[in-house]
Amino acid sequence: IVEMVLSDVELPDDVSDWKSAVRHIAKSGRERALAHPNVVALVATRPFNTIASLRPVEKGFEIFRSAGFPPDLSLHAFRTLAAFVTGYTLAESGSFFGEDLGEGHLAPGDLPAGEFPNLLEIAPSLMQAAHEREYEFGIEVILAGLEAKLAQI
């Protein structure tokens with residue numbers, strides 16, 4: 001099942017614009033994960049040790065190597081990106097605090113104001129979170145950091 005989901009991740013053919021290629025693969029990875037939310041935890045914990053599961057890894061290394069990252073930084077860049085994509089989609093496929101107000105879930109109004117002033121101040125934003133925009137923000141932060149690292153090489 002994990003291999004089927006990973007094999008559906010769209011891999012960019014053109015990696016000449018490395019940031020665009022990263023955005024493409026990250027967006028496709030998130031879309032596949034959200035289409036199969038019960039598989040996300042398996043992707044996060046299963047070793048990639050088959051030909052099919054290693055294709056996205058190979059493409060990721062191709063993207064970073066063609067951008068000029070040396071091998072060790074290509075590994076760090078890829079794992080940073082993969083950790084964010086997997087972690088965010090894992091959290092998103094469950095629910096973040098303040099979004100699922102069903103039975104058994106704490107709501108912002110249940111919190112003592114003296115202990116959680118910052119969380120209560122942010123509560124309206126929590127309840128109106130735009131996951132796509134938040135996810136893209138994370139990708140852009142990672143890209144900016146990687147671009148800064150690349151400039152130091």
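Me: Which residues of H2 meet which residues of H5?

Reply: Val22, Ala26, Gly29, Arg30, Ala33 and Leu34 of H2 meet Leu81, Val85, Thr89 and Glu92 of H5, where contact means heavy atoms within 4.5 Å. By class, this contact holds six nonpolar, two polar and two charged residues. Nonpolar covers Ala, Val, Leu, Ile, Met, Phe, Trp, Tyr, Cys and Pro, charged covers Asp, Glu, Lys and Arg, and polar covers the others, Gly among them. The model is predicted, with local features requiring pLDDT of at least 70 and side-chain atom pairs pLDDT 80 or more, while totals for chains, interfaces and linings use all residues. Residues are numbered from 1 along each chain as its sequence is written, and side-chain values use heavy atoms, leaving out hydrogens and water.

Me: Why are H2 and H5 called roughly parallel?

Reply: Their angle is about 30 degrees, and their axes lie 10 Å apart. Axes are lines fitted to C-alpha atoms, for helices over the stretch in contact, and angles run from 0 to 180 degrees between N-to-C directions. Angles under 35 degrees count as roughly parallel, over 145 as roughly antiparallel, 65 to 115 as roughly perpendicular and the rest as oblique. H2 and H5 are therefore roughly parallel.

Me: What makes the arrangement of H5 and H7 roughly antiparallel?

Reply: The axes of H5 and H7 (residues 131–151) come within 11 Å and cross at roughly 165 degrees. This angle makes H5 roughly antiparallel to H7. Among the residues in this contact are Phe84 and Tyr88 of H5, and Ile139 and Ile142 of H7. The contact divides into nine nonpolar, four polar and two charged residues.

Me: Why is H4 described as oblique to H5?

Reply: H4 (residues 51–67) and H5 (residues 71–93) pack at about 125 degrees, with their axes 9 Å apart. That angle makes H4 oblique to H5. Their contact residues include Phe61 and Phe64 in H4, and Leu75 and Phe78 in H5. Nine of the residues in this contact are nonpolar, two polar and one charged.

Me: How is the handedness of the crossing of H4 and H5 described?

Reply: H4 passes H5 in a right-handed crossing. A crossing is right-handed if the near helix is turned clockwise from the far one by less than a right angle, and left-handed if anticlockwise.

Me: Which residues lie nearest the centre of the largest pocket, and how many line it?

Reply: Val43, Phe48, Phe78, Ala82 and Thr86 lie nearest its centre, among 30 lining residues. H5 gives the most to this lining, with nine residues. The lining has 23 nonpolar, four polar and three charged residues.

Conventions. Helices (H or I, at least four residues) and strands (E, at least two) are DSSP runs, numbered from the N terminus. On a 1 Å grid over the protein atoms alone, a cavity is a set of points where a 1.4 Å probe fits but cannot get out, and a pocket is an open set with protein on both sides within 12 Å along at least five of seven lines; lining residues have an atom within 4 Å of a point.
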